[in-house]
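Hi there,

Here is the structure I promised to pass along. Have a look at it first, and my notes follow below.

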Amino acid sequence: MIRNTPGGYGRVAIAFHWSMATLIVFMLALGLYMHELPQTDPATFRLYQLHKSIGFVVLALSVLRLVWRLMNPTPKLPDTMKPWERLAAHAGHIGLYALMFALPLSGWLMVSASPWNIPTILFDVLPVPHLPVPEALGKKAEVEATLKTVHTLAAYALIGLLVAHIGAALKHHFIARDETLRRMVSTGPAKSAA
């Protein structure tokens, strides 16, 4: 099935989930690695360009994923979930979506505010213009520093939410033994938990 149903996710939602999960985990790992590199390292410029390029892919996929989600039913949560678990699940998903937008946008703004004025060339092919940064926010170096802090804090918040998300999925699979994880892996009929 291509589209979601009240009982499960379709192929498009599953493809969005796993492709974005892979890209986001890679981006977080790359960001942590780049943070430790000295600016004089020969690999730094190339890695930053790769990081920015994949960041724009994540931003584009986030827009498409949100549109797809709004056009499709969200599968029903298991009846066995307690009210606080349902609230936590909804809050966690809202947080994940917010950070999927906040990280690439804060990165784009940070690069735009940088006094270095280094261009962004997506995958060494497509130039991306800088966003306008209002002068009222202060000097470029100050704005860049603030946005770097925002970007870093958002990355750590995303890591925390991802750990909670994975933990919840494993709890559903191994402890609650419901179909929550299975339906994000396969569009086939749900199997009964053994």
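How many helices and strands does the secondary structure of the protein chain come to? There are four helices and two strands, and from the N terminus on they run α-α-α-β-β-α. Please keep in mind that this is a predicted model.

Now for the overall picture. The C-alpha trace spans about 55 × 35 × 35 Å along its principal axes. Of the 194 residues in the chain, 36% are buried. If you take the contacts between residues at least 6 apart in sequence, 70% of them join residues at least 24 apart. The chain exposes about 11,900 Å², with carbon and sulfur atoms supplying 73% of that area.

Next, the charges. The chain has 17 positive and 10 negative ones, and their mean positions are 11 Å apart. Side chains of opposite charge can pair when their charged atoms come close. A search of the whole structure finds three salt bridges:

- E85 and K171 meet at 2.9 Å, N to O. E85 lies in helix α3 (residues 83-113) and K171 in helix α4 (residues 140-176), so this pair ties together parts that are 86 residues apart in sequence. E85 counts as buried at 12% relative accessibility, while K171 is partly exposed at 30%.
- D79 and K76 pair through their side chains at 2.8 Å, N to O. D79 is exposed, its relative accessible area being 60%.
- E179 and R182 form a salt bridge at 3.2 Å, N to O. E179 is partly exposed at 22%, and R182 is partly exposed at 24%.

Best wishes

Note on methods. Residues are numbered from 1 along each chain as its sequence is written. This is a predicted model: local features need pLDDT of at least 70, side-chain atom pairs count only at pLDDT 80 or more; totals for chains, interfaces and linings use all residues. Side-chain values use heavy atoms; hydrogens and water are left out. Buried means under 20% relative accessible area, exposed over 50%, partly exposed in between (1.4 Å probe, protein chains only). Contact means heavy atoms within 4.5 Å. Accessible areas come from the Shrake-Rupley method with a 1.4 Å probe; for residues, only the protein chains shown count as cover. Lys and Arg count as positive and Asp and Glu as negative; His and the chain ends are not counted. The place of a charge is taken as NZ of Lys, CZ of Arg, CG of Asp or CD of Glu. A salt bridge is a side-chain nitrogen of Lys or Arg within 4 Å of a carboxyl oxygen of Asp or Glu.
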